[in-house]
Amino acid sequence: MPERRAGALSRRDFVAQAGSAALAAAGAGTLLAACGAPRPRAPGLEAELHIYNWSDYIGPDTIGQFEEETGVTVTYDTYESNEELVGKLLAGGAAYDLCVPTSYVLPLLAAKGVLAPLDRARLPNFRNVAPLFLDPAVDPGNRFGVPYQWGVTGIAYLRSQVTEPASWGVFLDGTVSGRKTMMDDGREVLGAMLRHRGHSLNSTDAAELAQARADAVTAKGQLAAFVSAPVKGQLVAGDVCLAQLWNGDTRQAQAENPDIGFVVPREGSLIWADYVVMLAGCRHPHAAHAFLDFILRPDVGAGISDATGYGTANAAAAERLRNPVPYPTAEELARLEYQVDLGPATALWDRLWTEVKAA
């Protein structure tokens, strides 16, 4: 993802496993600082660190533990889509040190001069990264990004209320009309409609995209809303019984309601990986590198994935997970597709999504 999606850390405003309202705060500049006497700061680190992340996309104790160990005070904000993230970064509207874009966004941010290269000498725990995430095409040599979490998009559903959905077409027919949702994310919605018709979710073909727009408008007429992370609470409560959603967010909701199932439609779907990157305007580079190396520790990485429900790119952490997310099988990989930068076609996608939202 996830579209993943400019807010601060929540992938949303419901933290199922963390149960911590403080970490779920999606307002501007949420300050996560321990109470009491000032902590001694580790030598060479700045006093502050500013992080911009998906919602519900970190462990309940990750920030507090880092602050306690280093004496650095962390300001943590969240967002819900890559579009929100990119819009804020390119507008120069916020001074963050670290953020967490999805893989296909990295080349765009690098080309725009938004990212700062990492100093690998400051990241001894980088050795824990799984080979699958080393030297990715979107970030040769892992110059800019520390691999973080990975996942897939599918359909979450209430087993007691609907039959297991087999196809993206369930959003186009009359099944539980008004009690289903799709993400508030053009790449996710139009991509799902493209896969439904047998096309790549990265299509730039005008005719294929026109059909995807028409299908998305049809789906909109059946939906309660276009909504991403907040739908978890609605699923738990039973107000929504079908939702396009990420697998990790579904796991978070399942912790509250075991009736929730998850399936990848037969036409295929999105697989994604997110990377933690340092921004070119980073004012606290020493603290930023310290945090990156901190989350690369096996114990910390395992705590994050256990809380989020997503797969970890940290091979050492994967061995410690309570409920590991297995890598996709060959059959599943054949139905999954990574998003890529759409280049000049981005404008067409943006226009079509605007039209869908306005319809």
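# A guided tour around helix α5

Start by selecting R195: this residue is buried, with a relative accessible area of 13%. The cut-off for buried is under 20%, so R195 passes. Keep in mind that this is a predicted model.

**Stop 1: the partner of R195.** The side chains of E337 and R195 meet in a salt bridge, with 2.8 Å from N to O. This pair links distant parts of the chain: E337 sits in strand β13 (residues 336-337), R195 in helix α5, and 142 residues separate them. Is E337 buried or exposed? E337 is buried, at a relative accessible area of 15%.

Stop 2: Now select residues 186-196, which make up helix α5. How many of its eleven residues are buried? Ten of the eleven are, so α5 is largely enclosed by the rest of the structure. Colour the buried ones: G186, R187, E188, V189, L190, G191, A192, M193, L194 and R195. As you look along the helix, remember one general point. An α-helix has 3.6 residues a turn, so residues three or four places apart point the same way.

**Stop 3: the two ends of α5.** Go to the start of the helix and show D185. One of the side-chain oxygens of D185 reaches to within 3.0 Å of the backbone nitrogen of R187. Then move past the other end. G198 follows α5, and the phi of G198 is positive, near 85°.

Stop 4: Select D184 and K357. Their side chains meet in a salt bridge, 2.8 Å from N to O. This is another link between distant parts of the chain: D184 is in the loop between β7 (180-182) and α5, K357 is in helix α13 (residues 346-358), and they are 173 residues apart. D184 has 35% relative accessibility, so it counts as partly exposed. K357 also counts as partly exposed, at 37%.

Stop 5: Select R197 and D215. A salt bridge joins their side chains, again with 2.8 Å from N to O. D215 lies in helix α6 (residues 206-220) and R197 in the loop between α5 and α6, so the pair ties together parts 18 residues apart in sequence. Which side of the pair is buried? D215 is buried, with a relative accessible area of 5%. R197 counts as partly exposed, at 42% relative accessibility.

**Stop 6: a network.** Select D56, K232 and D249. Salt bridges link these three residues in a network. A search of the whole structure finds 13 salt bridges.

**Stop 7: a charge without a salt bridge.** Select D139, in the loop between β5 (115-116) and β6 (145-158). D139 is buried yet has no salt bridge. How far away is the nearest side chain of opposite charge? That side chain belongs to R143, 7.0 Å away. Now show F144. Its backbone nitrogen lies 3.1 Å from a polar atom of the D139 side chain. Leaving aside neighbours within four places in sequence, D139 is in contact with L106, F144 and G145.

**Stop 8: a loop residue.** Finish at N323, in the loop between α11 (315-318) and α12 (330-335). N323 counts as partly exposed, with 49% relative accessibility. Not counting residues up to four places away in sequence, N323 touches R251 and D306. Last, show the C-alpha atoms of N323 and G309. These atoms are separated by 8.2 Å, and the two residues are 14 apart along the chain.

Methods. Residues are numbered from 1 along each chain as its sequence is written. This is a predicted model: local features need pLDDT of at least 70, side-chain atom pairs count only at pLDDT 80 or more; totals for chains, interfaces and linings use all residues. Side-chain values use heavy atoms; hydrogens and water are left out. Helices (H or I, at least four residues) and strands (E, at least two) are DSSP runs, numbered from the N terminus. Buried means under 20% relative accessible area, exposed over 50%, partly exposed in between (1.4 Å probe, protein chains only). Contact means heavy atoms within 4.5 Å. A polar contact is a pair of N or O atoms within 3.5 Å; within protein, one must be able to donate a hydrogen and the other to accept it, and residues adjacent in sequence count only if both atoms are side-chain atoms. A salt bridge is a side-chain nitrogen of Lys or Arg within 4 Å of a carboxyl oxygen of Asp or Glu. Lys and Arg count as positive and Asp and Glu as negative; His and the chain ends are not counted.
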